[in-house]
Every structure is written in structure tokens, then in C-alpha cells.
Amino acid sequence: MLQESLEIRGFRIFKGCLDAPAQSALLEDIRAIVRAAPLFSPMTPYGKPMRVQMTSAGKYGWFSDRKGYRYERRHPDGQPWPPIPDSVLAMWESLVDPNRHPDCCLLNFYRDNARMGLHQDRDEADFSWPVLSVSLGDDGLFRMGNPTRGGKTESIWLESGDVVVMGGEARLTYHGIDRIRPGSSRLLPKGGRINLTCRVVD
Ligand code: MD3
Ligand code: FE
């Protein structure tokens, strides 16, 4: 695991952190999660399904419906979420904190036309904990804004194997994925982009 990083607006970006074998191994762990806890399209509080499909591992999973955004202890099918893979915990231990594990590993899956609008992540109790993100598959155009809505933004392409740590000033920064670049990676046989984020929730 490469640990050289660049920093933009408090986002620590580790380009090419995972090599091809590590990406393939992580993908197998993700397939096991999706078998245990199938992907679903959360409903926004406005009643529209999100374009990104999701599932989670860990004590909590992120969920959304007409009642709002929140963390739940169970998948919508009623089962507890599967455990966070050791490979992911090892990355958290070396890049974030060896003494406190994340409560949730949220898995986002982007098909060709999926995107995620600018938003803040604020359903967690303690924003002093960073969020760790791992990208796999097709490139995604990641946009970073400001701690309040509006203002200038900066974008970078996140590629398969890139890792980002959002702590400090970056933790409450508006961010999103404008689009993916279909066909840019051969990791996923049918294409698409996976992003995994680890969060401390409680
Ligand atoms: C900045 N995911 O799951 S990862 C999300 O690529 C999310 O799927 C995007 O935004 C994705 O909430 C971006 C980078 C990221 C993740 C969480 C953050 C940036 C963040 C939380 C706080 C601040
Ligand atoms: Fe987010």
C-alpha cells in the first residue's frame, strides 16, 4: 500500500494507493458483502430513488427514505449488515487510527450515468473522526467545495486504487461525484465504479 499523499482543501489524496492485486482482493471482499447484503437504491426524502446503489458492512449501514437520512443496524431485508473486511480495517488502522475501528463501511455503486450531487456528510455523531474513501473500477470526477453551500469548487478524477482521507477542515466540506468515465477501468467486468467509505458513527 503506497502512502504518499497530496492535499487539496484538507482532503488527503493517496493516488495509486492500492496496486492491481490489492484491488482484485478488495473486490472479492466486496462481492462477499454484496452477496450477504444486496445493493439497493435508497429513496431520497423527496421520494426519488438515488442514482447510486448502496449497501453497507459493519455495526451500522447508511439508509434513506421518506423519513430522512440515517444509520440503521439492519439491511432493509431485516438482516444485520455483514462485518467490515479485515483488508479494509487494515487500511483504516494505518491511515486513520489503529485503536478505534469504523462503525460503518458504506459501499456506493455507480453505473454509467450515476452521479452524486454536492452534499455534506453529517449523519455521524462526532465530526472529529475522519472518513476514509477507496475508489475501484471506472474513474469518477470528484468535486470538492466549501464548508457552506456555494463558492468555488475544485475537481479531480479519482481512479481505481485511489484512497482519500477527509479529516479536519475537509470533514464538513461539500463534495460530490459529477460523473464517471465509462470503460476507463477493466477491474469490473461489466464496468461501473465502486466507492467504499469508512465512518465512525456513534
Ligand atoms: C468528504 N461518496 O458516500 S467519496 C459519500 O465517491 C460520498 O462515492 C463519494 O460522498 C463517492 O458520502 C465521494 C469521498 C468522500 C466521502 C465522504 C466524505 C468525501 C467526503 C465525508 C465528508 C467529507
Ligand atoms: Fe459524502
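How many of the five residues of strand β4 (residues 61-65) are buried? In this predicted model, five of the five are buried, so β4 is largely enclosed by the rest of the structure. In a regular strand the side chains alternate between the two faces of the sheet. Both faces of β4 are covered. G61, F63 and D65 are buried on one side. W62 and S64 are buried on the other. Strand β5 (residues 68-72) pairs with β4 in the antiparallel sense, over five bridges. A hairpin of two residues joins β4 to β5. Within this pairing, R70 of β5 is the bridge partner of F63.

Strand β9 (residues 139-144) and β10 are joined by five bridges in the antiparallel sense. F142 stands opposite I156 of β10.

The coordinating atoms are H119 (NE2), D121 (OD) and H175 (NE2), at 2.0 to 2.2 Å. Along the chain, the donors follow the spacing H-x1-D-x53-H. Two of them, D121 and H175, link distant parts of the chain, 54 residues apart. D121 lies in the loop between β7 and β8, and H175 lies in strand β12 (residues 175-181). D121 has a relative accessible area of 11%. H175 has a relative accessibility of 14%. Buried means under 20%, so D121 counts as buried, and H175 does too.

Helix α1 (residues 20-36) has 17 residues. From its first C-alpha to its last, α1 reaches 25 Å, close to the 24 Å expected at 1.5 Å a residue. The buried residues of α1 are Q23, L26, L27, I30 and I33. Viewed down the axis of α1, these buried residues fall within an arc of 115°, so they line one face of the helix. P21 and R35 are exposed on the other side of α1. The buried residues of α1 pack against several elements: β3 (53-58), α2 (86-95), β6 (104-110), β8 and β13 (193-199).

One residue of strand β8 (residues 131-137) is G137. G137 is buried, with a relative accessible area of 1%. Beyond its neighbours within four places in sequence, G137 is in contact with S160, S185, L187, L188 and G192. T153 is 16 residues from G137 in sequence, and their C-alpha atoms are 24 Å apart in space.

Most residues other than glycine have a negative phi. R9 is not a glycine, yet its phi is positive, at about 50°. R9 is found in the loop between β1 (6-8) and β2 (11-14). With a relative accessibility of 25%, R9 counts as partly exposed.

Definitions and conventions:
Residues are numbered from 1 along each chain as its sequence is written. Chains are lettered from A and ligands numbered from 1 in the order in which they are written. This is a predicted model: local features need pLDDT of at least 70, side-chain atom pairs count only at pLDDT 80 or more; totals for chains, interfaces and linings use all residues. Side-chain values use heavy atoms; hydrogens and water are left out. Helices (H or I, at least four residues) and strands (E, at least two) are DSSP runs, numbered from the N terminus. Buried means under 20% relative accessible area, exposed over 50%, partly exposed in between (1.4 Å probe, protein chains only). Contact means heavy atoms within 4.5 Å. Two strands pair if DSSP finds at least two bridges between them. Donors are N, O and S atoms within 2.8 Å of the metal (3.2 Å for Na, K and Ca); water is not among the atoms, so sites may look incomplete. The expected span of a helix is 1.5 Å times one less than its number of residues. The arc is that of the directions from the helix axis to the C-beta atoms.
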